[in-house]
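Please walk through this structure with the text below. Keep the sequence and the model side by side as you read.

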Amino acid sequence: MTLEYRWVGKPLARRDAYEKASGAAVYSSDLFPENALYVVAVRSGLPHARIKSIDVSEALKHHGVVAVYTHRDIPNNRYGVFVKDRPVLCDDRVRYVGDPVALVAAETREEAEEAAPLVRVDYEPLPAVTDPLKAMGEDSPRIHEGGNICRRTRITYGDVETSFSKADVVVENTYTTAAQIHAYLETEAGISYIDERGRITVVAGGQSPYRDREEICHTLGLPREKVRVITPHVGGAFGGKDEITVQIHLALVTLKTGRPARMVWSREESNIAGVKRHPSIVRMKTAASADGVLLANQTEIIFDTGAYASLGPAVLDVAIENCNGPYRIPNIDIKATLVYTNNMVASAFRGFGSPQVIFAIESQMDQLAERLGLDPLEIRLKNVVRKGDYGVFRNKLEGSVGIDKCLESLRNHPLWRRRGEYKGVQNHEWIRRGVGVAAAVKGYTLGALPDRGSVALELNADGGFTVRASSTEIGQGIIQSLTQLAADLLACSPEKVRVILADTGETPDTSVTSASRQLFLSGNALRIAAEKMLDLMRDVLAKATGDPKTSFRFSDGHAHTMKGEAIPYSAIHSMMAEGGVATYVEGVYEVPRTTPIPGSLEIPHLFYMYGATLALVEVNLLTGFVSVLRVVSAVDAGRVVNRQTFTGQVEGAVAQGIGYALMENPVIENGMMRTLNFSTYLIPSIKDVPEIEVVAVEDGEESGPFGAKGVGEIGIVSVAPAIANALYDAVGVRMLSIPMTPEKVYWLIKHRR
Amino acid sequence: MVSLYDIQVFTPRTLEEALELLDKMGGRTKIIAGGTDLIIQMRHGLAPRRDLINIYGLRELRYIREEHGMVRIGALTTFSEIAASEPIQKHVPFLAEAANTIGSIQIMNKATIGGNLVNASPAADSLPPLYVLDASVKIVGRKGERTVSIERFYKGYKKMDIAPDEILAEISFKIPDTDGRGLFFKHGLRLGDAISVVNGAVWMRRREGVIEDVKISLGAVAPTVVRARRSEEILKGAKPDDENLRQAARAVIHDISPIDDVRGSAGYRAEMAVNYVYMALKRLVMGR
Amino acid sequence: MSGVRVVGRYSFILNGRPTTVEAPPGYTLLETLRQILHLTGTKDGCSSGDCGACTVLLDGKAVHSCLTLISQVEGREVTTVEGLAGSKVVKSFAESGAVQCGYCTPGFVVAVEALLRANPNPSIEEVKEALRGNLCRCTGYVKILDAVKMAISD
Ligand code: FES
Ligand code: FES
C-alpha cells in the first residue's frame with residue numbers, strides 16, 4: 001500500500017495526556033467499587049521454609065474479616081508462562097520472603113491489615129540458598145524438586161580455543177550486575193467484580209490481558225467465557241507487570257464471595273513481591289587480531305531467577321543472543337544457566353537480559369581498543385554487522401541494520417570529536433571528567449516464538465472508526481500511535497479515530513505488550529484490517545454508484561468518485577447499514593519468524609533494534625561519586641510514528657539506565673530485601689538526569705507498519721557500559737560490576753595500584 | 001504500613017493549652033508538628049502508635065527574630081522559611097543551605113526545625129550548622145522554661161534532655177563574627193534528595209595568614225552529631241597549608257564512631273568524614 | 001490504638017469550596033482524598049514522602065498529602081490537581097510529551113503550579129530544585145522540563 005503520511009511522524013500531543021495531567025484518568029488503584037472487600041496477602045517473611053501448618057482461625061475471628069484463603073482453595077495451584085512452578089498460595093513451602101501463604105479479605109483495609117499477622121503459619125526454616133554459584137553446586141539444598149537449574153544451555157559456533165591461541169590480544173573478565181527494581185510509580189493494583197453478564201472481571205495493571213485470563217482460568221478451574229480481564233491506564237510497567245501480580249488473588253476472592261474486591265500493594269510489598277531485573281554473573285573472554293578484528297568470544301552467563309522461573313527462560317535467551325554485541329565474531333561459545341535461588345523473583349525488565357551482557361561485551365571492547373591502541377569508536381565500527389551480513393548464529397540479517405549509522409552519528413558528534421576539551425574542564429583538583437561510548441543490540445518481536453495478534457476495526461455512524469486491540473497502554477503511547485496510523489491508513493483525521501484497548505470482553509487478542517513490538521504487531525494487524533475495511537467500503541460504493549470498485553479515492557474522511565463527487569464516510573456507513581453489510585472487520589497479523597537454532601528458545605530474531613550511547617561523566621576522586629553531565633543516544637528507529645513519543649521513550653530508557661548504572665542498589669541480605677522504599681532504593685531524580693540528546697537513525701524497517709521499529713527498550717541497553725567506559729576515561733579504573741555506587745568507585749580508586 | 005485510623009488527635013490553640021494537655025497526658029501521647037518524620041515512623045511501626053497533640057498550627061512558635069546580636073528561631077518555623085529568611089541568609093548562609101537540603105520542597109514546606117531536632121536523627125541536616133554555631137534550645141513546660149546548649153541537649157542516640165511534658169520552643173545562637181565564613185556539606189547517594197551518608201559544617205576565621213578560630217561538626221558518623229575537636233585544635237593558630245588541612249581532616253576519626261547501614265559501610269563513612277572535611281577546609285581557604 | 005475507628009469532622013476549603021468531611025483524625029490527607037472523597041487525581045506512589053505523587057497545595061504551598069494528617073488541615077485551604085483543571089500547567093504537560101504513564105503527572109503539575117505562583121520566571125536550576133522531590137520513572141524528566149518552559153513562556 002502506498003500512502004502519503006499525513007499523521008504518522010507528526011508530534012501530535014497524546015490524547016490520553018490531558019486526561020492524565022488533570023487527574024481525570026483512572027488507573028486500577030483509583031477504583032473503589034461499592035461494597036468491595038479489601039484483600040491483603042500474608043507473605044512468608046522467610047527466604048526458605050517448609051510449611052508445617054496454617055491456622056487461620058484467629059484471623060477469621062478478627063472484626064470485619066469475611067474470609068481467609070489458603071492453597072486449599074486453589075484447584076490448580078501452579079502457574080507460570082514458561083514453567084508452571086509458582087503457587088498462587090504456598091502449600092508445602094515458601095521459597096522467598098514475598099511468597100504469599102494466605103489471603104485475608106475484610107470489609108476495610110485496616111481490618112485486613114490487622115488480621116493478616118493473625119494467620120498462624122508454622123514454619124520449619126530451611127537453609128536459604130541466595131548465592132547463585134552455590135545454588136548451582138551439586139550439594140546445594142534444593143529449592144524445587146527438579147533441582148536448582150531452571151534452564152541450562154550451550155551454543156557454540158566455530159572454535160574459540162584455536163582463535164584464543166592465535167589472537168594478538170585476549171581480554172578476560174568477570175562482570176556482575178545487581179537486580180534492578182522496576183519502581184513504577186503505581187504499584188501492583190487491581191479490583192474485581194462480577195459483570196452484568198456474570199463474568200468474574202478483573203481490572204488490573206498488566207501487560208497481557210489474554211494471558212492473564214488464561215492463568216486465572218487455569219488456576220481457578222474456570223472456563224474462558226466466565227472470566228474477563230481489563231487493563232485500564234497502567235502507572236508504569238517496564239516488563240514488571242508482564243506476569244500475574246494481583247489478578248488471580250482478586251479473582252479468587254470474587255469467585256468465592258461473589259463480592260467486588262480490591263487489592264493494592266504497598267511500595268514495600270512491591271519491592272519485596274514484585275519481580276526484578278535478573279542479577280547476573282557474566283564471564284567473558286574476547287580475542288582480537290592486532291588490527292582490531294574480533295576473532296572469538298567465549299561467554300558464561302549465570303542469571304539468578306530467584307524463587308521462580310517467571311519469564312526467566314526467555315530473558316536468558318535474549319542474554320545469549322546479544323552477548324556478542326552487534327558484532328561479527330566468527331567463533332563463539334556461550335554457556336548459559338538460569339538458576340533458582342531464594343532471592344526475589346526475577347523476570348522481564350526493559351532490555352530483557354540484554355543490559356547485563358552488553359555491559360560485559362561493551363566493557364570488553366574498550367579494553368581491547370586500549371590494549372591495541374585503537375580508538376574505541378573505530379574498533380566498534382570495524383566489527384559491526386551490516387545489512388545482509390551473517391550474524392554470529394549464521395543467520396542472515398535481512399532486516400534493516402542501523403548500528404553503523406548510529407555509531408557514525410556519534411563519531412561526528414561534537415561531544416566525541418572534541419572530547420579532549422570537555423575533559424579539560426576541572427572545577428576542583430579532586431574532580432575528573434571522561435567520555436565513554438557503547439553500542440547496543442536487542443532482538444525485537446518474540447523471536448522464533450509464535451506471535452500473532454488481531455485488531456478489530458469498525459466504521460461508526462458518524463463516519464469515524466473504532467479500533468479495538470488488546471494492547472495495553474503502559475505509558476508508551478500506543479493509543480496515540482494507533483490513532484495516527486489509523487488516520488493515515490483510513491484517510492481521516494485523528495479526531496475521528498476511537499481506540500479501545502485491553503479488555504478481553506471487548507477487544508480481540510493482540511498478544512502481549514512486551515518486547516518493544518506491540519506497535520509493530522498491532523500496527524500491522526491494523527494495516528490489514530484497514531485494507532479490509534477500505535475494500536468493504538469500495539464494494540458498497542460500487543454497488544451504490546455503479547462505478548467500478550477501483551475507481552474510488554479516499555481522503556479527508558470522504559470517498560471521491562470519478563465524477564468528482566465527495567461521499568462522506570458517514571454516508572457509506574448508512575449504505576452499509578441499509579444493505580445489511582457488517583461494519584466490522586478484523587485484521588490478523590502473524591509476526592514473521594525463524595526456526596530456532598538448537599539449544600535456544602527463540603534465537604535468532606528476524607529483526608533487531610540497534611543503538612549507541614555517548615556519555616560525559618564527572619567523578620569525584622575523594623567521594624567516588626559519579627555524575628552524568630550529558631548523554632547522546634543514537635537509535636535505529638525505522639520510521640518514527642510519533643516523534644514526541646519516540647524521543648520520550650528513549651529519554652526514559654536512558655534515565656533508567658543511569659539509575660541502573662550508578663545508584664539503583666537493592667540491598668538483599670540472606671534473601672531479605674533491605675531497601676524497601678524510595679528513601680533507600682534510590683532512582684534518578686530530575687537532578688540526576690542530564691541533558692539527553694536523542695538521535696534518530698531512520699533506516700525504514702520495510703516490514704513494519706510504516707517502517708516503525710520497536711524502540712521501547714534499546715535506549716537503556718548501552719547506558720551502563722558507556723558510563724563505565726567514561727569512568728575509565730576519567731580516572732583509569734575499570735568497574736566490572738554495577739551499580740557503580742560511590743562507595744564501590746571510591747574503594748576502586750583508592751586501591752588501584 | 002498501617003493506617004492511623006484509631007488514634008485521637010488533639011489540637012490546642014495556644015502553647016499554654018498545649019502544655020496543659022501535655023501535663024494531663026504527656027506520657028501517653030506524642031507531639032506532632034509538621035509530622036513529616038512522625039507519620040512515617042508511626043505508619044511503618046517504627047514508633048509506637050500514640051494519640052497525638054497537634055501543635056502544627058501554633059503561630060506563636062513560628063518566627064525568626066534578630067535581636068541583641070542573637071538569632072532566635074521559633075520551633076515551628078519551617079525549613080522553607082529558614083532557607084528564605086533574610087537574617088539567616090545574611091548572617092549564617094550555611095544554615096540556609098542546610099535547610100535547603102533537608103528534603104524536597106514539599107518536606108521543607110511542612111517540616112519544622114523543632115520537629116527535626118526532637119526527631120533526633122544523627123543524620124539530620126539541620127544539626128551540624130547549629131553545632132558549629134554553639135546554638136541553644138529553649139525548652140518550656142508548665143513549671144517554667146530552661147535553655148540548654150545543643151551539645152548538652154543530645155545525650156546519646158535519640159536521647160534528649162527533654163521531659164514528656166515539655167516542648168522544645170526555640171533555637172537560638174549568637175550571630176558569628178562577620179570576618180569568619182561557614183560552609184555546610186552533605187554526602188548523599190544521588191544529586192536529588194537523599195538521606196546523608198555523612199554531613200557536616202565548618203566555620204573558620206583567618207587572620208594574618210593563620211587560622212584564628214575554627215569549628216567543625218559531623219553528622220551520621222556517631223550516635224549524635226559531634227564536634228571534631230581534635231581537628232579544631234590542630235588547626236587553631238596553624239597556617240592553612242595543604243599539609244595542615246590534610247592532617248586536621250585525618251584527625252576527625254578521633255571524634256567519630258560510624259556504623260554500617262544500607263547506605264554505606266562504617267569504613268566508607270569514616271573516609272567520607274575525613275575527605276569532606278578536607279574538601280570543606282580547602283574550599284574555605286581557596287574561597288570557592 | 002484500641003482498634004476502634006475514631007472519627008472526627010473537619011472543615012476546610014477544598015479546591016475553592018468549603019468542605020466538611022468525616023474521617024479518622026489520624027488519616028492522612030491522601031487517604032481522606034482518595035478513600036473517602038474519591039478524589040483520585042492525587043496519587044499514592046509511596047505513602048512515605050519520597051516520591052511527590054501525592055503533592056497538593058496547603059495554603060498555597062506544595063506539601064505531601066501522605067505526610068499531612070486530615071486533622072492538620074482543619075480551617076486551611078487545600079488545592080488538588082482537580083482544582084487546577086484547565087490551567088496552563090496542565091495544558092503544557094499534556095502538549096509537551098511530559099506525560100507517559102501519567103501516574104506521577106498530577107504531583108508534578110501541582111508542584112509546578114506552586115513554583116510558578118511564587119516565582120513566575122524561574123531559572124532551569126530553580127525548576128529542578130522545585131521538582132527534585134517528584135519522581136518520574138517514565139520520562140527521564142526531559143519533557144517535563146520542556147513542559148515547565150512552555151508554561152513559563154505562556
Ligand atoms: S505518596 Fe506521598 S510522597 Fe509518595
Ligand atoms: S509518566 Fe510514568 S512515572 Fe512519570
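**A buried glutamate and its partner**

Glu110(A) is buried, with a relative accessible area of 4%. Buried means under 20% relative accessible area, exposed means over 50%, and partly exposed lies in between (1.4 Å probe, protein chains only). The model is predicted: local features need pLDDT of at least 70, side-chain atom pairs count only at pLDDT 80 or more, and totals for chains, interfaces and linings use all residues. Residues are numbered from 1 along each chain as its sequence is written, chains are lettered from A and ligands numbered from 1 in the order in which they are written, and side-chain values use heavy atoms, with hydrogens and water left out.

What does Glu110(A) form with Arg5(C)? The two form a salt bridge, with the closest N and O atoms 3.7 Å apart. A salt bridge here is a side-chain nitrogen of Lys or Arg within 4 Å of a carboxyl oxygen of Asp or Glu. Glu110(A) lies in helix H3 (residues 109–115) of chain A and Arg5(C) in the segment before strand E1 (8–14) of chain C, so the pair joins two chains. Helices (H or I, at least four residues) and strands (E, at least two) are DSSP runs, numbered from the N terminus. Arg5(C) counts as partly exposed, at 40% relative accessibility. Side chains of opposite charge can pair when their charged atoms come close.

**Where chain C meets chain A**

Now take the whole interface. Chain C puts 49 residues in contact with 52 residues of chain A; contact means heavy atoms within 4.5 Å. The area buried between the two chains is about 4,000 Å², and carbon and sulfur atoms give 58% of it. Buried area is the accessible area (1.4 Å probe) that two parts lose on being put together, summed over both. On the chain C side, Gln100(C), Tyr103(C) and Arg137(C) lose the most area to chain A, together 20% of what that side buries.

Seven salt bridges are counted between chain C and chain A. One of them pairs the side chains of Glu129(C) and Lys687(A), at 3.0 Å, N to O. H2(C) gives the most residues to the side of chain C that touches chain A, namely six. By type, the residues of that side divide into 21 nonpolar, 14 polar and 14 charged. Ala, Val, Leu, Ile, Met, Phe, Trp, Tyr, Cys and Pro count as nonpolar, Asp, Glu, Lys and Arg as charged, and the others, Gly among them, as polar.

Lys143(C) also reaches across, forming a salt bridge with Glu651(A), the closest N and O atoms being 3.0 Å apart. Lys143(C) lies in helix H5 of chain C and Glu651(A) in helix H18 (residues 643–663) of chain A, so this pair joins two chains. Both Lys143(C) and Glu651(A) are buried.

**Inside chain A and chain B**

Next, a pair within chain A. Arg380(A) forms a salt bridge with Asp366(A), the closest N and O atoms being 2.8 Å apart. Arg380(A) sits in helix H11 (residues 376–383) and Asp366(A) in helix H10 (residues 354–372), so the pair ties together parts that are 14 residues apart in sequence. Arg380(A) and Asp366(A) are both buried.

Ala98(B) is found in helix H5 (residues 93–101) of chain B. Is Ala98(B) buried or exposed? Ala98(B) is buried, with a relative accessible area of 0%. Not counting residues up to four places away in sequence, Ala98(B) touches Asp125(B), Pro129(B) and Phe184(B).
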